[in-house]
Amino acid sequence: MKKALITGITGQDGAYLSEFLLKKGYEVHGIKRRSSQFNTSRIDHLYQDPHETNRNFILHYGDMSDSTNLIRLIKEIQPDEIYNLAAMSHVQVSFEIPEYTGNTDGLGALRILDAVRLLGMEKKVRIYQASTSELFGKVQESPQSETTPFYPRSPYGVAKLYAYWITVNYREAYGMFACNGILFNHESPLRGETFVSRKITRAAARIALGLQDKFYLGNLDAQRDWGHAKDYVRMMWMILQAEEAEDWVIATGTTTKVRDFVKMAFSEVGIELEFRGKGEEEKALVKSCKDERFQLEIGKEILNIDPRYFRPAEVDLLVGDASKAHKKLGWKPEYDLKELIKEIMNSDLMLMQKEQHLKNGGYTTLNYFE
Ligand code: NDP
Ligand code: GDR
């Protein structure tokens, strides 16, 4: 039985990757942070009681800033594969906590690589580093491939640039099987609620159900290449099964504006929108509402721009060229954007319907919708 160690196991990708590897028959170990509240909701369905024998899903406390903890865990677990997914992954937040982001996202990658080296496991372990399309930042060419020059535009992007190059460096210096997956945006029903996709789908569900009046976004003109997390974790595994350690761009090859994502999400619940105005004055109003479950007034203003959500430096356009992964590894995404949005919208609508029932039944004291 192969053993995998996943950092960032409680995150979106950690959860999907755990499911994927367990299905492949792996023993999966994960590092979670100590938190004052439970932080394992995405993987609770995989939890196994520590009193059970023959467990194949095991969680350990740890942190990317704690080298001795990482060394001890890698020594004890003796993994065949390490997936380094842990990161402070929010681009805008990285402008507010740049040093923490550098420590976790940049030096964290070094701590994993160096732990493996110190333990003399260079030839035993294969390492996946969660690199990102944010490396391309102010893009020099489109679409972006493995040979496109980097120009990161945020403390997050710069920290990930260090992680990218230290991975390449340890591969070249010590012959380690260490690879970068340069992944473009990928989403799912498990996506964090403050990324733009979930922010939109959650707002669409609440507005449709009459639980919220309007919501606020920043730059509607940004363009992203959005895929489904399920397709992307499969590729993480494929990268570590390849004959040679290399770096790979993973993307759908289609780019979409944030504004169009908003239109598509609302359209999934039968609400057509009309956008008016420009820049910070832009707004979206209800043009029609076909779904009789929802009682929305035509002309109601449901989206405004809040300049707080504009970033100090923006990444305007991302679209990936994953032809190397198509040709050499046979990877192809199974989801397109419409299917992705449909899945997230359905999930968020169910979630909000549950909240609505609880609220109507008087079972919640939270001012959640106010
Ligand atoms: P999430 O934000 O959902 O998950 C991040 C994970 O890292 C969580 O488990 C989080 O723990 C953990 N983490 C954060 N800080 C630390 C720390 N100091 N020590 C230990 N663990 C920590 O991210 P995703 O799952 O979406 O992304 C996975 C990785 O892929 C990240 O590195 C991200 O930067 C990268 N990436 C993501 C893309 C995407 O579109 N999703 C695209 C390209 C790259 P907790 O749950 O306790 O917060
Ligand atoms: P991104 O994802 O920055 O691409 O990083 P995010 O969903 O946060 O933003 C995408 C685009 O939407 C614009 N935007 C807003 N974004 C957020 N979060 N909130 C808003 O209100 C809003 N309004 C407009 C942003 O300006 C941006 O252009 C994600 C993360 O998962 C990273 O960890 C990962 O490396 C990259 O994708 C690839």
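This report describes the residues around two ligands in a predicted model, together with one annotated span.

## Surroundings of ligand 1

Ligand 1 is surrounded by 25 residues, and Gly8, Gly11, Ala86, Ala87 and Ala130 are the closest of them. Two elements give two or more residues to this shell: helix H1, covering 12–23, and strand S5, covering 126–132. Helix H1 contributes the most, with three residues.

Sorted by class, the shell around ligand 1 holds 15 polar residues, seven nonpolar residues and three charged residues.

The shell around ligand 2 has 22 residues, of which Val91, Thr132, Val196, Gly218 and Ala222 come nearest. Helix H3 (91–94) and helix H6 (196–208) each provide at least two residues of this shell. The largest share, three residues, is from H6.

The class make-up of the shell around ligand 2 is nine polar, eight nonpolar and five charged residues. Both domain 1 (3–183) and domain 2 (196–222 + 257–315 + 336–360) take part in the shell around ligand 2, with at least three residues from each.

## Annotated span

The unreviewed UniProt entry places a feature named "domain: NAD(P)-binding" at residues 5–343. In the model, this span is 35% helix and 19% strand. The C-alpha atoms at the ends of residues 5–343 are 29 Å apart.

Note on methods: Residues are numbered from 1 along each chain as its sequence is written. Chains are lettered from A and ligands numbered from 1 in the order in which they are written. This is a predicted model: local features need pLDDT of at least 70, side-chain atom pairs count only at pLDDT 80 or more; totals for chains, interfaces and linings use all residues. A residue is near a molecule or strand if its C-beta atom, placed from the backbone, lies within 6 Å of it. Helices (H or I, at least four residues) and strands (E, at least two) are DSSP runs, numbered from the N terminus. Ala, Val, Leu, Ile, Met, Phe, Trp, Tyr, Cys and Pro count as nonpolar, Asp, Glu, Lys and Arg as charged, and the others, Gly among them, as polar. Domain bounds come from an automatic or database domain assignment. UniProt positions are given in the numbering used here, feature names are shortened, and annotations may be inferred rather than shown by experiment.
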